[in-house]
Amino acid sequence: MIGASRRSLSAAAAAARSRVAAGAASAVAADAAAASVPPRPVSNGAPGVQQQQKRLLSVLAAPKVAGTSNVVSLKLMDGALIGRRYESSAAAVDSTDLPAEKHEYQAEVNRLMDLIVHSLYSNKEVFLRELVSNASDALDKLRYLSVTDPELLKDGPQLDIRIQTDKDNGIITITDSGIGMTKQELIDSLGTIASSGTAKFLKALKESQEAGMDSNLIGQFGVGFYSSFLVSEKVVVSTKSPKSDKQYVWEGQADSGSYTIREEKDPEKLIPRGTRLTLYLKRDDKGFAHPERIQKLLKNYSQFVSFPIYTWQEKGFTKEVEVDEDPVEAKKEGDDDTKTEPKKKTKTVVEKYWDWELANETQPIWLRNPKEVSTEEYNEFYKKTFNEYLDPLASSHFTTEGEVEFRSILFVPATRKDDITDSRKTKNIRLYVKRVFISDDFDGELFPRYLSFVKGVVDSNDLPLNVSREILQESRIVRIMRKRLVRKAFDMILGISCSENRDDYERFWENYGKFLKLGAMEDKENHKRIAPLLRFSSSQSNDELISLDEYVENMKPEQKDIYFIAADSLSSAKNAPFLERLTEKDYEVLLFVDPMDEVAIQNLSSYKDKKFVDITKEDLDLGDNNEEREKEIKQEFSQTCDWIKNRLGDKVARVDISNRLRSSPCVLVAAKFGWSANMERLMRAQSMGDTSSLDFMRSRKVFEINPEHEIIKALNAACRNNPDDPEALKALDVLFETAMISSGFSPDNPAELSGKIYEMMTSAIAGKWSSQSQAQPDNPIPQHAAPVMSDEPLEAEVVESEPVEAGQQK
């Protein structure tokens, strides 16, 4: 296990890259392509129970414990492996009286162990992942070397990892049938750093801590063997290399500056090949020695390790056993029928026993050919991995090769759990390195924030094992992975939009439309992928959302631009005066009612060479201008425009003749480079009550008048005949304030505007209905009116009627 490839901390000054010596003699590349041989089930032990075939390499995986005889014993007879099962408990490695050599740790190892135990790891449970990964490396190295030297497998071809626990004494034993170590390799791997780069790592980490940088290792991966001291007060390593005839035992304490190495002489503790690691847990960490806890950790971190991992588990099977009968009852039954033998009574009991159980039987689905995986299998994997109960809307299974190689499966969830404004980190992407789970705690390194709803797994062989946050941010490999993951995510979403069932994408847009709008704002590089996925309401869509492609298809031949209007509601947008001329020309207008719509479109600026044009801004060109007619109108109303501008002053930038109105007398439009009414409303809501920063943008408004409207014609006459008439000036003020409201702006003084409107209404309707009521003749009291009471007494009239029988109507 530890004798595989040495896990070391390789330095990177800025990123705190680290790989720490994990107990390997030398670092040799492992060939992970070959598959390990699965065990053949045979019937053995308890009747009717299928058991795993016992292996020679597992003889001492459960060594004897003093005072117990319940171990798995194996005998080799005529080349056949015969196993006998007894009740078993976890084993410990007893110390012997043989002399042990004492060695001092290299100074850097002491510093490293102190750093690991007290600073580096925030979650102790990763120790098991580290040790299992080291065991996997040992097996990988043996398999790689055995290609050229088959003699290395002479002690047994099986390659596996076995974990046994003793919860009563707080002991965990991890055994692998890997390459093992010689005595010198033990000293080099577990006592010194050699060329592992730990000194550089410690220096870089210290500098980052002094600079206040984030030194957190995302996967906290690569420190290997020394992570065992997170939970152990003593660690014993018993190892046998196929290159050596002797087995050696390494023993170290958590707070000691030295360790011992001795030769193993006890024949019951000898192993054919590999490494057995025994952890004596600290008092507070003995909970890790429970078999259920080990099973859970293996499922989370090492479920997809390419070698089989077995755990020592308590099992049981049912059987019928005889029970003693009551003599009195037996005699009564015998009296009834003396010729018939009495039936023996039985009961069902559960007989418990201990046996090895495969803990990582689930093959990584992403390593399989996508053509061989069914939709049901994808859905089942998605639900199991991410604790979902609904099938995903879509999935994408792909392998990327070339300069960067990784495998991934991505999913689009059916429902949204996190809001776009939620600042919490999501755990939607699970990162694996060589099928070992590293982390799901990311903050935009593998996916941008607007695609944080995408869930999936990513398995890379190119990422370093000591994955830090800075490495993810700066690594060229990660940048390439991110680009390809984003591209595949968009292809998956595009597949939903192209589905024959339109409801699928409507469901997606309802959940994740805001995320894509955020992407249009933040990710300029992917605008071409985001734009076809956007959906909006329009003036001709009958409350259905349409895509930009559908809008372009519906454009008139003479139409050059994509028109839109932003408002606070769909009703306000549809009834805005800005649409009058476009509706007359049968031009479709996009209606933006979401606060993010206008900002997203402004960042896109165009789509398929068609510019987005806000119809609430000045200089709207509808392509049918009559220059001569416009020149005549401007000359006729030039004096009126100046008169209105002088009256309104700084409230408007200028007064123009409008080409967008038909039934409305006037409209207030935003300057070409100023805020629209909708944007001003949004900015006002975000200005924390301080409107001083909005003064400049608010002043850039243009007042457009409709020369065909009766009100404008009357004001034009007033301007020529009596420009100082108070009634005309008052009407002009009311007209401007009303135009602000109809155009989406907020009047500066609503109470003053209301007073002016009430005054004009009073002048218009005063005495109108009262004069008509006085001219009408006296009318008799209507039938529904209340009777008039008089002082004279009223006589009651008695009306006789025939009696009515019950059940008859009167």
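1. In this predicted model, Lys608 sits in the loop that links β23 (606–607) to β24 (610–614). Its phi is positive, near 50°, although the residue is not glycine. Most residues other than glycine have a negative phi. Lys608 has 53% relative accessibility, and because exposed means over 50%, Lys608 counts as exposed.

2. Asn387 is another non-glycine residue with a positive phi, here near 55°. The loop that holds Asn387 runs between α7 (375–386) and β14 (394–400). With a relative accessible area of 66%, Asn387 is exposed.

3. The model contains an open sheet of 9 strands with mixed pairing. The strand order is β5-β10-β9-β8-β11-β7-β6-β12-β13. At the edges stand β5 (101–104) and β13 (346–358); each has a single partner strand, so one side of each lacks a neighbour in the sheet. From one strand to the next, the twist averages 25°.

4. Within this sheet, β8 (residues 232–240) and β9 (residues 247–253) are an antiparallel pair, joined over 7 bridges.

5. Which strands does helix α2 touch? Helix α2 (residues 126–146) packs on the sheet and touches β6 (161–166), β7 (171–176), β11 (274–281) and β12 (309–322). The direction of α2 makes about 145° with that of β6.

6. Helix α5 (residues 291–301) lies across β6, β7, β12 and β13. Relative to β12, α5 runs at about 130°. The strand β13 in this list is also one of those at the edges of the sheet.

Note on methods
Residues numbered from 1 in each chain as written. Predicted model: local features only at pLDDT ≥ 70, side-chain atom pairs only at ≥ 80, totals over all residues. Heavy atoms only, no water. Pairing = 2+ DSSP bridges. Helix = DSSP H or I, 4+ residues; strand = E, 2+ residues; numbered from the N terminus. Axes fitted to C-alpha atoms, helices over the stretch in contact; angles between N-to-C directions. Contact = heavy atoms within 4.5 Å. Buried < 20%, exposed > 50% of the residue type's maximum accessible area, 1.4 Å probe, protein only.
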